[in-house]
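Dear colleague,

Please find the structure below, handed over for your records.

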Amino acid sequence: NYSPLTEWDTSGLRIFLEHDNTDYDLNPSRGYNFQLQFSKDFGNGDSLQSWDFLEFKYSHYFNLDTFSFTQQNVLALNMWTGYSFSWENDVQIDSMGVIDAHRPPPWEGASLGGLNRMRGYDNNRFSDKAGFYATAEYRAILNWNPLRKNEYIPVAVDWFQVVAFAEVGRVHDTYNFDLLSDMKYDVGISLRAMAAQIPVRVDIAYGDEGTNFWVMVYQPFDF
C-alpha cells in the first residue's frame, strides 16, 4: 500500500523482448508466447523516486478435443515472475512510513491481486520486491449462441466461452525458493464472449479472503 497523501508520478525507460507464435492473439488456441521486460525510472523530473523492475512472462496453449456441444476446447497455461533490485524495505521516504525507498509504484512491480493475476483478491492486494504467479484455464467455446443473428443486438457476438480456472502466487522480499512455498490460491469460473471482435469477460473467483467479481475486456494473460 501507499500513502493517499502522495501523488505518485513516474516516468522512465522500458525495454522488452517478445516472441509470439500463437495462432490468434485475441483468443489463442495453440502455440506459445513469452516476454522478458525491464522497466526503469531514473528519478528525474516529476518522478517521485527512482526504481527498477525485471519481469518474465510465458504462456502456452493446447488445442484439445471438442465435445458435442463445443466448437473449441483449449487448455491455457501462464506463468509470470519478477524482481525489483532497487526496492529497500527498511527505508521509507514519506512521513507516515508507508512508501519504501525505490519501490515500483503499485501498478508496476511484483503485485498480485486484481483483474489479471490472483482474481480472488482485491486489486494489488500483495506487493513486494519479488513475485511469482501461475495459472491454468480450461476454455470451451460453446456451439450455443442465441445472439449470433439477433437483430436487436447492436454488435456482432461471434461466440460464448465458458472457462474454469485456478491460480497460485506469492510475493516475497527476496527472490528464492520461498516464493514457491505457502502460496496464495484462488479458483473461479468465467463467462466470455467475442463481441464486436473484442473478448469480453465476467470472472468470479474465490480465495481465502472471499469472492471477487470482475468485468473486463480481453483475455486475462496480459500480453
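The notes below cover the core, a surface patch and the aromatic pairs.

This is a predicted model, in which local features need pLDDT of at least 70 and side-chain atom pairs count only at pLDDT 80 or more, while totals for chains, interfaces and linings use all residues. Residues are numbered from 1 along each chain as its sequence is written, and side-chain values use heavy atoms, with hydrogens and water left out.

The largest nonpolar core has 10 residues, among them Trp51, Phe53, Ala110, Leu112 and Val171. Such a core is a set of buried Ala, Val, Leu, Ile, Met, Phe, Trp, Tyr and Cys residues joined through side-chain atoms within 4.5 Å; buried means under 20% relative accessible area, exposed over 50% and partly exposed in between (1.4 Å probe, protein chains only).

Nine aromatic pairs were counted. Rings of Phe, Tyr and Trp (its six-membered ring) pair if their centres lie within 6.5 Å; planes under 30 degrees apart count as stacked, over 60 as edge-to-face and the rest as tilted. Tyr61 and Phe221 have ring centres 6.2 Å apart and planes at 35 degrees, so this pair is tilted. Tyr61 is buried at 5% relative accessibility, and Phe221 is buried at 8%. The pair of Phe67 and Phe69 is stacked, because the ring centres are 5.5 Å apart and the planes at 15 degrees. Phe67 is partly exposed, with a relative accessible area of 44%. Tyr83, Phe85 and Tyr175 form one aromatic cluster.

Kind regards
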